[in-house]
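Subject: Structure for you to look at

Hello,

Here is the structure I promised to hand over. Please open it first, then read my notes below.

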Amino acid sequence: MGLYRDLGSNPGVFRVLGSQLMARFPFGMLSIIVLLHIQLAYGDYTSAGIVLASQSVGQAVSGPLSSRLMGKWGMRPVLTATSIACSVLLVVIAVVHLPLPVVTAIALLVGLTTPPITPAVRTMYPKLVPGKQLQALFSLDAAAQEIIWVIGPVVAVFVTSQFSTAAGLGVAAAFMLLGGAWFISSPALGKVKLLPSKRGLGAVLRYPTVVIGTILSFFFVASFAAIEAGIVAAFAGPDGGHGSIESGVVLAIFAGGSLVGGLLIGHREMRPWSPALRIVLVLAGTAACLVSLNIWWLCAVLFIGGMGTAPTFAAISNIVSSTVRFSETAEAYGWIGTGTLVGVATGSALAGVAIDIGGARGAIIVSAGLLAVCAILAVATLRWMPDLKGRSIEPPPETGTLTIPLP
């Protein structure tokens, strides 16, 4: 715990950590709320999958593009404009019943205007703490972000069950605006200047680690979106409602496992095989859900599986930060963010179709399959994974030959 206490000696670190989590909180709510909102409005999960797929296309485009715009125009202007625009669009979906093609088009705009919080903050971290503290900060960030990816759906289920899906979308928009304002007003944000990239859009994909991190993020997060939808479906009422509190309890236990894993494992020095081992742990817990949908069994196996979640996110951040030049880290994290956000929407969309076909177990099978692919890819790319044992995480110098550390 001393590693995490030492982070407080760096001014502004905890404010940045807290404010960016609040600003990103809607990302963990939106897929499940949109899934439920569109399903209730149009009568089937497949329509919801179409809307979420449209949103994912917009996010795929906006991730790296908005990250480069932050280097050109500054972080505050880009973050302010996107936060306002995206929030307004969410409110429109919530309060106006429109034809499905129109809602699909609006969802595309939601994706295009998604605020680039993740690339902004993860580009800032190496400038806020010494290199020797960076693994601990990434680990704490990964553990804390479970509030987003697992507690977010719990809040989404609670709000939609107690009020309505429209209220859930309104709450997500409020978090986006208020959290964004808190993060954007942070003094530390003004002290970190992003350098414009000297190369064209997409050139950062020459780094194998950026490609690997993006693909792993996509499959890893897609699996969570799928199992979250599956857990909600498993405890849905006989009338198809979404009011069961049991699903919220199970997802909260899942988050608890990740928090514990992040604090106990995530800060450990990363070896090339670390991501694969952590993903396999999550896969084991997810696959075990197929044995029984009993609430106590689900809580037990997902707590164990959850212990690999935050450490895997921390590993992906470490991979990028240790191999990508600072002037290109914003775009690199933009691609990682694209993989994450598209993964959320894709996982929810696939789960929606799977639930229509095979019920809750169908969504769990989708989740396990996505994790299996993720683990195989982590093993197949071992030779590009950096070995950070005994190393201080520092971005490579801006000049010189581009090199990728090998194990």
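One definition to start. A residue is buried under 20% relative accessible area, exposed over 50%, and partly exposed in between. Take Ala300, which lies in helix H14. Its relative accessible area is 37%, so Ala300 is partly exposed. Keep in mind throughout that this is a predicted model.

The whole chain

The protein chain has 17 helices and zero strands. It has 407 residues, and 58% of them count as buried. Now take the contacts between residues at least 6 apart in sequence. Of these, 85% join residues at least 24 apart.

Helix H13

H13 covers residues 274-288, which makes 15 residues. From first C-alpha to last, H13 reaches 22 Å. That is close to the 21 Å expected at 1.5 Å a residue.

Which residues of H13 are buried? They are Ser274, Pro275, Ala276, Arg278, Ile279, Val282, Gly285, Thr286 and Ala288.

Is Leu277 buried or exposed? Its relative accessibility is 55%, so Leu277 counts as exposed.

Ala288 of H13 is buried. Ala300 and Ala288 are twelve residues apart in sequence. Their C-alpha atoms are 9.7 Å apart in space.

H13 against H17

The axes of H13 and H17 come within 9 Å. They cross at roughly 165°. Angles over 145 degrees count as roughly antiparallel, so H13 and H17 are roughly antiparallel to each other. Their crossing is left-handed.

Which residues make this contact? H13 supplies Ala276, Ile279, Val280, Val282, Leu283 and Thr286. H17 supplies Ile364, Ser367, Ala368, Leu371, Ala372, Cys374, Ala375, Ala378 and Val379. The residues of the contact of H13 with H17 divide into 13 nonpolar, two polar and no charged.

H11 against H16

H16 covers residues 326-358. H11 and H16 pack at an angle of about 30°, and their axes are 6 Å apart. Angles under 35 degrees count as roughly parallel, so H11 and H16 are roughly parallel to each other. H11 passes H16 in a right-handed crossing. The residues of this contact divide into 15 nonpolar, ten polar and no charged.

Helix H6

H6 runs over residues 117-128 and has twelve residues. It reaches 16 Å from first C-alpha to last, close to the 16 Å expected at 1.5 Å a residue. How many of its twelve residues are buried? Eleven are, so H6 is mostly covered. Among them are Ile117, Arg122, Met124, Tyr125 and Leu128.

Gln55 in helix H3

Gln55 is found in H3, residues 45-73. Its relative accessibility is 5%, so Gln55 counts as buried. What does Gln55 touch, leaving aside its neighbours within four places in sequence? Gln55 is in contact with Val34, Ala107, Leu108, Val110 and Gly111.

Best wishes

Terms used: Residues numbered from 1 in each chain as written. Predicted model: local features only at pLDDT ≥ 70, side-chain atom pairs only at ≥ 80, totals over all residues. Heavy atoms only, no water. Helix = DSSP H or I, 4+ residues; strand = E, 2+ residues; numbered from the N terminus. Expected span 1.5 Å × (residues − 1). Buried < 20%, exposed > 50% of the residue type's maximum accessible area, 1.4 Å probe, protein only. Axes fitted to C-alpha atoms, helices over the stretch in contact; angles between N-to-C directions. Parallel < 35°, antiparallel > 145°, perpendicular 65-115°, else oblique. Left-handed = near helix turned anticlockwise from the far one by under 90°. Nonpolar A, V, L, I, M, F, W, Y, C, P; charged D, E, K, R; others polar. Contact = heavy atoms within 4.5 Å.
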